[in-house]
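Biologist: Could we go through this model together? I would like to begin with the overall picture and then turn to individual elements.

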Amino acid sequence: MLTSRLHRSFLRFPSRRLFHYSIMSQAQESIALTGSAPSSGFATPSGNNEPNPNSKSSAKKEAKRLEKEAKLAAKAAKVSAATPAGEKKAKEKATKEEDVPFVNTTSKGQKKDLSGPMAAGYNPIAVESSWYDWWHEQGFFKPELGPNGGPKPEGLFVISAPPPNVTGSLHIGHALTTAIQDALVRWYRMLGKTTLFVPGFDHAGISTQSVVEKRLFKTSGRTRHDLGRERFLETVMDWKNEYQERITNQLHRLGGSYDWSRVAFTMNPQLSKAVIENFCRLHEEGIIYRANRLVNWCVRLNTTLSNLEVDQKQLEKRTFLSVPGYDPKEKFEFGVITSFAYPIENSDEKIIVATTRPETMLGDTAIAVHPKDERYKHLHGKFAIHPFVNRRIPIVTDDIVVDMSFGTGAVKITPAHDPNDYEVGVRHKLDFINILNDDGTFNANAGPQFQGMKRFHARVEVVKKLKELELFIETKDNPMQIPICSKSGDVIEPVLKPQWWVNCKPLAEEAIKRTRAGELHIAPKQSEADWYRWLENIQDWCISRQLWWGHRCPAYFVRIEAQEQDTTDGKWWVVGRDLEEATKRAKQLAGSSKFTLEQDEDVLDTWFSSGLWPFSILGWPDKTVDFETFYPTSMLETGWDILFFWVARMVMLGLRLTGKMPFQEVLCHAMIRDAHGRKMSKSLGNVIDPLDVIQGLPLEKLHEKLHEGNLDAAEIEKAKLGQKKDFPKGIPQCGTDALRFALCAYSGGGRDINLEILRVEGYRKFCNKIFNATKFAMLKLDETFRPEPTAKATGNESLVERWILHKLNLASAEINKQLGERNFMAATNAAYNFWLYELCDVYIEAMKPMTDPNVPEKTRVSAQQTLYTCLDHGLRLLHPFMPFVTEELWQRLSRRPNDATPSIMDEYFAFGEADKEFDLIFNAIRAGRSLAASYNLQSDIQLFFHIQDDAEAALFESQKGVITTLTKGCKSAEIVRNVSAIPPGCGSPDDEFQGLIDLEAEISKCEKKLQLARLNLDKVRKVEAQPDYLETVPENVRLINEDRRKTLEAEVATLESSREMFSQLK
C-alpha cells in the first residue's frame, strides 16, 4: 500500500535533458514539480492548479482527457501490437460502407446469421435489424414462471405500460417512457425474476374523435353528423387500426420487451366489460349519481370536460384574443371588467354591477348585496328590471358571495353560467336560466335581440346596447384567468347540464390513508407532495361526455306511460350490465305501468376506463389466472403531468373495486422539452418522432411530415421555420440504442428534460466505440480460444487483470444500486465509464502485449479469459439500456462450456474481493501522462520512479510493460531505489527547461484561455444572480449551470496556477 513517503519519478526527454517529477501518496493524490533548487510552482489537483477530483464536472473532464491521452498512448507504445498498415484505408472503406443502404436478408422471426465477419463499421440500422422479431418469436418477452406455475422464487416484476392514445404516432416523450420502463424490465429479467410488461392502447375519446373530425372535414368537407353515428364510428375505428399499427411498429423499433400476446385496447370486449361493471357497481353503491350541475363546456368539441382538462390562461390587463370557431382575424376583448347599471323597478334609481363577461347578464336572475351594507338596505326585497328581456330581477342579501369593499358592493348573479353564482342560486332558490346553445349561440332565453348570435359577438353587442340605453358605466383593466380547453384551445363556458358524477371524497380518503400507511411509494418527493395536496382537495368528477367515440353510458331513462317525468332527475334512471338487467330494474321502477327504455346517448370519460387499466388488462372483473398471478402490479411509471388525470384515479378505483393498491410504486419521469426548454408542439415544429431519430431524416422530409397532420397552412409555415432553426441539416441517424441510452442518461430526477439531438448523436459514437472495441477484442480471441466454464478467477491473473475485474464488479454493483434507486442517470454513467475509461482505455490497451506470440501461454490465456469475461458481462451491464447492439455483439462471443443461454437476457454477476493495487499504478501512469501532455512531449520519453518501499518497488517493476504501454510516447520505465541512481542531467527546471519549452508562448496561451474562461464564468454567475432565478429556472437547467460554473471556476484556478508556474520558470 502507499505510504506518505514521496515516490519520485523522472522523465527523460528527447533532448536528453532530464526533468523529474514526484508522485506523492495515493491519499494525497498530488503531483509536484521539483528540482535541485528549492521547489516552486507546485500544481496540486486539490489546490489551485486543477479542479477538485471529487466533483462531477472534474471527473467528466478528467475522463475525457484520459481518453484522448490513452488513444495517443496506444498508437505510440513500442510494446503494443503494431498498427496494421492498411488501417487507414480500412477506416475509409468502413465509412463508405456505412453509406451503402442496408438490406435485411433475415427472414422475419429467424435468428440473424452472424457466421460471417463483422462489418467494417458500426451501422445501427444493420445492427438493430431482426433481433426484435426473433426475441418475440422465441417468447423471451413472456413471463417465465416457476415449477409450480407461479412466479419464480427470485421474485416478480410487473409493469402495465401506460397505453398511448391512438390519436397519432408516438413522440419522443413516449420513447422516454419505453426506455425507462424497458430498462427496468430487462434488468429484473436478468436478475432472474418473473417479469411481465403489458402493452396496450387507449381509445382517447375526445382527442381521437376531434382529430378524426378535423381530418374528415379537411379531406371531404363533411361532419360526423353528415355520416351518422354508426358510419362515423367505423371511420374512427379505421383510424384507430391504422395508428395502432403505426404505434406498434414504433414500440418494436424502440425495443420494448412487451408481452404482445396480452396486448390490450380500452374498447375491446373484455375491457369494455370492466367499464360497465365499474359504472354499475359504483352506481349501486351510491358513488355515481346523476345531477343537473355546472360543467365545463367546450363549444368547439361540443362536450363536457373535467376540471383537469381545463387550463387557466393568466391575463394581467386588457388583451385581445382570437377564439376557435371565429374568423382568425377577429379579436375579442378579455382582461377587463365592465360596469353597468340596472334600473330599479318603479324608481329612477339604478344599481351598478360589474362583470368580466358582459354577455352573461342576459342570464342574470338576481342582484346580491351584503345584508349589512347601509347603501342598499332600502332595496332589500325589491326588484331591478332587465333592460333586454322581460324579466324582474330580485335583489337578495348574501354575506358569502358579496364583499362590501369590492367595487360597488352589488353583484350580478347568473346561476346557470357561473360556479359561484350557482351556489348563490341554490341558497336563494333562484331561477337557473340557460342562455347558451351547445354550439355557442344564444337561445331564446337571451331575448329576441340576441337569439342565434354567437357568444362573443353577443359580448360586443351587449356593451353596444348598454351604451345606447345609457346604462354603460365603464371598462377597466382587470387581471384574470380565462379557462381554456386543453384539447381545442377554446374558451370554456360554464353551462348547466344533467350529467353523471362520481363522488370522489370517500375514494380519495381511502387512497390517502393507504398511501400514508406505506402501501404506495411515490417518487420523486415533489410528486408525493402534489399527490396529497390534490387528493385532500378533490372535487366530484363529471364522467359524462357528449361524444360518439367511447364507452356508452350503461344507463337508461325509464319513460313511463302517462307520467310526468324530468330527465335530469336520477330517480327515473336505471343502470344495467346488459339490457336484460336494465329491463328487470325498469319493471320494478314502473310497476304495472308501461314503459320504454332510452339509453343515455353520452359516452364515459376516457379516464373512467383507463383508470381500470392495471387490473382490467389482467381480466378483471373475472377472476382470471393472470389477475390472480400478476395483480397487484409492481410499478406504474409515467409522466408527472398525468399524476391526477390517471394515477390517482387508478388508485381510487383500484382500492374500491379490488380492495388492493394497484401498484406498489409510482415513478414520475420528467417532461421532455426541446433544446430551448419549450414544450413540444406541432405548431412549433419541435415534436420529434423517435423513428426519425433512429433512422435519421433530412430537413425536406421533416417538412413533408407536417402535411400529414391537421395543421393549417399558416401553422405549417411556422413549424417549418422552427424545424429549419433546430435541425438545419435534418435529424442525424442515431439508432435505437443511442436514443434509449441518452433518454435514460437524461433521467436524473428533475421535472423537465431539454433534449438535444446532438447529445443523442454523441451516444451513437459511444455505440461505435463499443462495436469497434469488441471487434478488436475478437481478434485477440482467435479460433483456438475456449472460455473457462465460469467467470471465477483462476489465480493466474496479472495485476491489471485483477484491477479490471474489480472495476467490472464495482460497475455491476453500482448499476444494480442505481437502478434499484431509479437513478437512471447514475446507472448509465457507471456503464459508460466502465466501457470507455476502464475497459477500452486501460485494459484493452494494457493486454495487447500480453497476447503477443512471444508471451508465455499462461499469461496470454489468462489475459484472453479476462477479456472475454469483461466483454461478456460488460455487454450485460449495457443491455437494459442498449438491447440491440449488446445482443449483436454478445451473440458473436463463444459460449462457455455447458452454457446454452440463447440470448443476453441473463443474470448479472459479482466478483469477489476487490483488488486496488492497480489503482496505485494507474495513478502513476495518469500523473506521467498528464505532465507529458502539458508540455506536448509525445515521443522517446523515459520514466524513472524513485521508490523506497520493497513491496511497492516490486509492484512497479512487474508493471513496467503496462506503464510504457499506457503512457503516450514512453520509451521505457525504470525503477530506482536510491536517488543517486537517477541519471545525470536531471536537475532544476530552471536549468533544464530552457530551450525545451517556449515559456513566453505558454504564458501567452494561458492568458488567452484565462480571459475566455473568466468571460464565460461571469456570464454564468450573472444568470445565477438573477432575483427570480430559483423560482423561474427549471431544476435541470440550474444543475447544468451549477456544473458549468464549477467547471469554469476550476479552469480559471488551473490556468492562473499554470501562468504563475511558467512565470517562475523564466
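Biologist: Among contacts between residues at least 6 apart in sequence, what share joins residues at least 24 apart?
Modeller: In this predicted model, 76% of those contacts join residues at least 24 apart.

Biologist: And how many of the residues count as buried?
Modeller: The chain has 1066 residues, and 54% of them count as buried. Its accessible surface comes to about 47,600 Å², with 50% belonging to carbon and sulfur atoms. In secondary structure, there are 34 helices and 34 strands.

Biologist: What is the average pLDDT of the chain?
Modeller: The average is 84, and 85% of the residues score at least 70. Over residues 909–914, however, the pLDDT is below 50; that stretch has twelve contacts in the model beyond near neighbours in sequence. Residues 985–996 are also below 50, with 33 such contacts. Where pLDDT is low, the predicted coordinates should not be read in detail.

Biologist: Turning to helices, why does the length of α8 agree with expectation?
Modeller: Helix α8 covers residues 229–253, which makes 25 residues, and at 1.5 Å a residue these should span 36 Å; the end C-alpha atoms are 36 Å apart, so the two values agree.

Biologist: Which of its residues are buried in α8?
Modeller: Among them are Phe-232, Val-236, Trp-239, Tyr-243, Ile-247 and Leu-251. Arg-229 and Lys-240 are also buried in α8. As background, an α-helix has 3.6 residues a turn, so residues three or four places apart point the same way.

Biologist: What follows α8?
Modeller: Gly-255 follows, and its phi is positive, near 80°.

Biologist: What about α13, which residues are buried there?
Modeller: The buried residues of α13 are Ser-527, Glu-528, Asp-530, Trp-531, Tyr-532 and Leu-535. Their cover includes the helices α12 (505–516) and α18 (643–658), together with the strands β22 (521–523) and β30 (663–669). Helix α13 itself, residues 525–536, has twelve residues and reaches 17 Å between its first and last C-alpha, close to the expected 16 Å.

Biologist: Now the sheets. In what order do β25, β26 and β27 lie?
Modeller: The order is β26-β25-β27, in an open sheet with antiparallel pairing. The edge strands, β26 (573–575) and β27 (595–599), each pair on one side only. On average, neighbouring strands of this sheet are turned by 35° against each other, direction ignored.

Biologist: How many bridges are there between β25 and β27?
Modeller: Strand β25, residues 555–560, pairs with β27 over five bridges in the antiparallel sense. Within that pairing, Tyr-556 has Gln-599 of β27 as its bridge partner.

Biologist: Which helix lies across those strands?
Modeller: Helix α14, residues 579–590, lies across β25, β26 and β27 and runs at about 135° to β27.

Biologist: One further topic: does β17 run parallel or antiparallel to β15?
Modeller: Strands β15 (residues 366–369) and β17 (residues 392–397) run parallel and are joined by three bridges. The bridge partner of Ile-367 in β17 is Ile-395.

Biologist: And in what sense does β16 pair with β17?
Modeller: Strand β16, residues 383–385, pairs with β17 in the antiparallel sense, over three bridges. Phe-383 has Pro-394 of β17 as its bridge partner. A hairpin through six residues joins β16 to β17.

Methods
Residues are numbered from 1 along each chain as its sequence is written. This is a predicted model: local features need pLDDT of at least 70, side-chain atom pairs count only at pLDDT 80 or more; totals for chains, interfaces and linings use all residues. Side-chain values use heavy atoms; hydrogens and water are left out. Helices (H or I, at least four residues) and strands (E, at least two) are DSSP runs, numbered from the N terminus. The expected span of a helix is 1.5 Å times one less than its number of residues. Buried means under 20% relative accessible area, exposed over 50%, partly exposed in between (1.4 Å probe, protein chains only). Contact means heavy atoms within 4.5 Å. pLDDT is the predictor's confidence in each residue, from 0 to 100. Two strands pair if DSSP finds at least two bridges between them. Axes are lines fitted to C-alpha atoms, for helices over the stretch in contact, and angles run from 0 to 180 degrees between N-to-C directions. Accessible areas come from the Shrake-Rupley method with a 1.4 Å probe; for residues, only the protein chains shown count as cover.
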